[in-house]
Amino acid sequence: ALCVAAPTGSIKARLQGAIESELEWGADAPHCLGGLRPQGDGVRLIYKGAAPGVGPLLVVLGIAPLKPGESARNVPVNVTVVREGTGQFFATQGDDKCTLDSVSQTPVAGEAGRYRLEGRGFCTQPARAVGGDGAVLLTRFDVVAIVRASP
């Protein structure tokens, strides 16, 4: 229910810690149409894919206080990584641990209220296990997504 399939998007990320993986998910991995965060205070991106030796993962980026169509620098990001089917969740539990150095959004031609988002970021602290042990650090991440301006 949270994921409306997007026509294009990608994530490249380096995960270290409880999950060691180099993600390079593009057109061959399911990704969702980005949209407003539930609180309405930013943009949420959702990516699904499989990491070799790890299995299915879900990566959620909450980018605040970014609005659809807005470009910015040094934007805080909340990161959640889920190992699907295992009950393992890792979350930064706040948007002060990861940052998008730069993020740009350009209108998608012929699709009112939709924007192509491109961003590059990093985390200075890991996403910690929720209800368990361990942590996952995204040392860097690059994202491309289509974002809709309204729910």
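Which element of the chain has the lowest mean pLDDT, and which the highest? In this predicted model, local features need pLDDT of at least 70, side-chain atom pairs count only at pLDDT 80 or more, and totals for chains, interfaces and linings use all residues. Residues are numbered from 1 along each chain as its sequence is written, and side-chain values use heavy atoms, with hydrogens and water left out. Strand β3 (residues 35-36) has the lowest mean, 82. Strand β10 (residues 127-129) has the highest, 97. Here pLDDT is the predictor's confidence in each residue, from 0 to 100. Strands are DSSP runs (E, at least two residues), numbered from the N terminus. The chain average is 90, and 98% of the residues score at least 70.

Strand β3 pairs with strand β4 (residues 43-51) in the antiparallel sense, over two bridges. Pairing requires at least two DSSP bridges between the strands. Gly-35 lies opposite Arg-44 of β4. Six residues separate the strands of this β3-β4 hairpin, where Gly-40 adopts a positive phi near 80°. Strand β4 also pairs with strand β5 (residues 55-63), antiparallel and over nine bridges. Gly-49 has Leu-57 in β5 as its bridge partner. The β4-β5 hairpin has three residues between its strands, and Gly-53 takes a positive phi near 75°.

One disulfide was counted, defined as a pair of cysteine sulfur atoms within 2.5 Å. Cys-98 and Cys-123 form the bond, with their sulfur atoms 2.0 Å apart. The pair links distant parts of the chain, 25 residues apart: Cys-98 in strand β8 (residues 98-107) and Cys-123 in strand β9 (residues 114-123). The S-S torsion is about 100°, so the disulfide is right-handed. Cys-98 is buried at 1% relative accessible area. Cys-123 is buried at 9%. Buried means under 20% relative accessible area (1.4 Å probe, protein chains only).

Definitions and conventions
Helix = DSSP H or I, 4+ residues; strand = E, 2+ residues; numbered from the N terminus. Buried < 20%, exposed > 50% of the residue type's maximum accessible area, 1.4 Å probe, protein only.
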